[in-house]
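Please look over the sequence and the structure below before reading on.

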Amino acid sequence: MERRARILEIIRSISRQEVNPGPDESLFESGIVDSFALPEMVSALEREFSITIPDSDLIPRKFETLERIESYIEGRT
Amino acid sequence: MAWIKAFGRYLPERVVGNAELEAITGVDPGWIVKASGIEERRFAGGDETVADLAVRAAEDCLGTAGMAPSELGMLIVASGSAERQFPGPAASVAHRLGLGTTPALDLPVASAGSLIGMALASRLAEAQGPVLVIGAEIMSRVVLRPPIHRDTAILFGDGAGACLIGPDSGGARILDSVLFTDGSFADSLRLDFNRPLAMDGRTVILQAARKIPRAIEEVLKRNGWSVQQAQVFVLHQANLNLIVKVAQALRVSETKFCSTVRRHGNTSSASMLIAAAEWWREGRIEPGLPIVFSAFGAGFHWGALVAVAAAG
């Protein structure tokens, strides 16, 4: 499965919705990922892509859209 | 190390439910419960000061311990909402308690202030004698000062908590503590002079959800305890959803976490000690098992402290 599809699966699993956000649609403003789902999403990304996200990178805007998440994962793998 | 001798608390009389706040903020009462777990909080009276609340909590704590104020070797008062820049409330509280020239220190640290106070007291008690740690806050005056920000106005309440730490005996022996600061997030939660409280809630939650469990695991592990062996977790009462996240991250039942946030809201540095006082009074302490304290807040400052309940 391509990287973006894997990220989308995580977002759907965390939000418990069959959402299909646009690449630069804010997951926060659209209500897909709320403040308390965000830590869960970050942990799921770490597991899925076998990466460790340092605390210094735990900044919401890095994980605000599909595109930003994909770009971040790409830089870590 | 040192011993926890008693806890105390004081909550102002006025109860403010979510419906009353709806009139000010326009936020639906049900949404407040969903987003934070908070149903009501206390607001201080117009003539009450942070020092007033602190003195009441101190008296409650010393009364529980059966100790006279004159026996104290030091006073530490944490507050992020004191009325003036300096001196902080510690000197006034010491004077009101009749402490004479006993040293009284302010910790101008919101949220994590009382945890830092406990950690310092546990190291100072042997040299100073009994140390009374107080967290006291009137956050309502901060968040309801125009312009009102609805995201913060719904969360906070007023109150004070206290903890007496002595060098010899008590109800629980403090084993260890860990304290941390990461100033790269100093702007994420701050109160500038004459400005509204600024809180980047997503960043606070994202950081706290990882740092609190890690601090708890570290302090327990280096003292030979597993997370599962802890009898209770007494956390800063910021938000019920965050407490649940911490419980999930540690793979511990939520029932092991003290929760007073529903009734008192987030009372910043006072909240952990208020929760501790209520738990302590329930009398369900299990001898020999760890009691874990943890807090996270503006700075970011965070940490954890572990104590073991005494036998009998």
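This is a predicted model: local features need pLDDT of at least 70, side-chain atom pairs count only at pLDDT 80 or more; totals for chains, interfaces and linings use all residues.

Residues are numbered from 1 along each chain as its sequence is written, and chains are lettered from A and ligands numbered from 1 in the order in which they are written.

**Helix pair in chain A**

- Helix H1 (residues 3–15) of chain A packs with helix H3 (residues 66–76) of chain A at an angle of about 120°, and their axes are 10 Å apart; helices here are DSSP runs of H or I with at least four residues, numbered from the N terminus, and axes are lines fitted to C-alpha atoms over the stretch in contact, with angles running from 0 to 180 degrees between N-to-C directions.
- The contact (C-beta atoms, placed from the backbone, within 7 Å) is made by Arg3(A), Arg4(A), Ile7(A) and Leu8(A) of H1(A) together with Leu66(A), Ile69(A), Glu70(A) and Ile73(A) of H3(A).

**Helix H11 of chain B**

- Helix H11 (residues 271–282) of chain B has 12 residues and reaches 17 Å from its first C-alpha to its last, close to the 16 Å expected at 1.5 Å a residue, where the expected span is 1.5 Å times one less than the number of residues.
- Among the buried residues of H11(B) are Met272(B), Leu273(B) and Trp280(B), buried meaning that 20 or more other C-beta atoms, placed from the backbone, lie within 10 Å of the residue's own.
- Just after H11(B), Gly283(B) takes a positive phi of about 70°.

**Contact between the chains**

- Chain A gives 11 residues to the contact and chain B gives 11 residues.
- The side of chain A that touches chain B has eight nonpolar, two polar and one charged residues, with Ala, Val, Leu, Ile, Met, Phe, Trp, Tyr, Cys and Pro counted as nonpolar, Asp, Glu, Lys and Arg as charged, and the others, Gly among them, as polar.

Note on methods
Helices (H or I, at least four residues) and strands (E, at least two) are DSSP runs, numbered from the N terminus. Two residues are in contact if their C-beta atoms, placed from the backbone, lie within 7 Å. A residue is buried if 20 or more other C-beta atoms lie within 10 Å of its own, exposed if 12 or fewer, and partly exposed in between; C-beta atoms are placed from the backbone.
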